[in-house]
Amino acid sequence: MLENNFLLDDGIAELREEVKRFVNSVDPELLRKMDRDEIDYPFEFVREAGKKGLLGLRFPEEYGGRGLTWLAESVAVEEVGVVGNGLACSYSMVSIVGEAIYRFGQEWQKEEFLKPIIKGKKISAEGLTEPRGGSDFFGTTTRAEKKGNKWILNGVKRFIAGGKVADFYLIYARTDPNAPGHKALTAFLVERDMGVEIEDLHNLMGFRGMGTARIAFNNLEVPDEYRIGEVNGARKIFNRMMIPERLTSAAGAVGLARAAIEVAMRYSAKRKAFGRMIREFQGVSFRVAESVAKLDAARALVYTAARAVDEYDAGKSQMDPRRLVSEAKYLATEFGWEIVNHAMQILGGIGYTQVYPVERMLRDMRLAPIWTGSNEIMKLLIQHEAYKMLNLPSSDRDYEKDAMDWYKEFEKVYE
């Protein structure tokens with residue numbers, strides 16, 4: 001209802017309708033089973049998406065994708081997001097892990113790992129967060145030591161979505177104990193049957209039914225051919241992966257927020273109090289107005305960031321899209337959290353029950369400002385990239401000369 005296609009061409013608008021039809025076919029009981037932690041992972045959802053050619057939309061057709069744009073993928077993730085962060089994550093993981101394999105992997109790795117996840121025949125997961133923390137990624141303590149043509153992994157990763165069931169993991173490990181973090185990490189593909197130790201992580205506030213786990217490596221042997229990219233060169237891979245990580249987080253949050261406020265709007269158009277529909281009260285109508293405006297603003301920024309990545313990848317723009325991607329993740333998840341809270345407030349007491357899905361949406365959305373880089377990290381990145389822009393050549397007006405006493409340089413003291 002509250003989506004818009006104003007920034008899209010006809011092909012992407014048609015893709016939205018295709019994804020909508022797929023999402024509408026999802027059995028509500030799947031969502032209930034996931035929220036009750038009765039299933040380990042939404043395997044059937046992923047398999048069906050793969051059969052319909054809806055996974056890995058950006059990747060070339062030779063690997064099973066459709067060769068579409070980041071913008072197209074963002075629209076698709078938004079539509080999947082309406083059913084919650086869990087399914088949106090399982091859908092997006094193909095794009096996230098697939099990005100590392102496609103951009104930096106060997107051809108045999110693309111055949112063995114990329115193609116099957118795009119077809120929905122294998123499940124992937126990524127190992128970033130450790131018990132010591134997640135935002136300090138380059139402080140990773142998981143180690144890999146080279147012995148002959150193998151690497152010996154030791155360490156622990158935590159909060160791994162799909163960790164319990166994944167067929168393989170993208171793992172970052174420290175391979176140079178003496179170098180600074182950004183020059184010391186290497187990426188590996190680790191198959192579960194290589195000896196990954198897995199421990200369930202239940203009792204999550206939300207985001208349930210996703211097989212979120214703690215995984216450990218105790219002298220686990222990984223052949224060197226399973227390495228992705230250069231030794232100690234994982235910084236480049238990580239930075240690239242943050243594009244799908246954060247864009248999909250942002251797009252999914254837009255979808256979930258949209259679903260929540262639509263539920264609340266329909267309720268407010270039926271529920272009466274003091275002899276009037278509650279949508280007629282300013283306290284309700286203003287919450288709706290704020291939510292719709294923030295939803296549109298967040299979506300526009302997500303689409304803009306996606307277009308920026310498309311232009312950058314096509315060589316049509318020299319501007320690093322990292323700032324816009326970080327802004328999209330920050331704003332969409334912050335606004336998403338506000339919008340779901342507005343939705344619950346509009347529903348009142350009944351919204352705090354499981355009669356409506358908003359309480360589950362709220363629990364799901366609370367994760368969004370935390371994962372894929374907390375929003376505090378997003379702010380650090382945004383200001384850092386913005387300051388870098390100040391040093392670039394510009395045709396902008398010299399605003400300082402618009403001041404009445406602009407020429408009084410002696411008053412401009414900086415130390």
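This is a predicted model: local features need pLDDT of at least 70, side-chain atom pairs count only at pLDDT 80 or more; totals for chains, interfaces and linings use all residues.
A crossing of two helices is called left-handed if the near helix is turned anticlockwise from the far one by less than a right angle.

Take helix α4, residues 70-81, and helix α5, residues 85-104, to begin with. Their crossing is left-handed. The two pack at an angle of about 155°, and their axes sit 8 Å apart. Angles over 145 degrees count as roughly antiparallel, so α4 and α5 are roughly antiparallel to each other. On the α4 side, the residues that meet the partner helix are W70, E73, A76, V77, V80 and G81; α5 answers with L87, A88, Y91, S92, S95 and E99. Sorted by class, this contact has seven nonpolar residues, three polar ones and two charged ones.

From α9, the contact draws on G336, W337, V340, N341, A343, M344 and L347. From α10, V358, E359, M361, L362 and M365 take part. As for the make-up of this contact between α9 and α10, nine of its residues are nonpolar, two are polar and one is charged.

Methods: Residues are numbered from 1 along each chain as its sequence is written. Side-chain values use heavy atoms; hydrogens and water are left out. Contact means heavy atoms within 4.5 Å. Helices (H or I, at least four residues) and strands (E, at least two) are DSSP runs, numbered from the N terminus. Ala, Val, Leu, Ile, Met, Phe, Trp, Tyr, Cys and Pro count as nonpolar, Asp, Glu, Lys and Arg as charged, and the others, Gly among them, as polar. Axes are lines fitted to C-alpha atoms, for helices over the stretch in contact, and angles run from 0 to 180 degrees between N-to-C directions. Angles under 35 degrees count as roughly parallel, over 145 as roughly antiparallel, 65 to 115 as roughly perpendicular and the rest as oblique.
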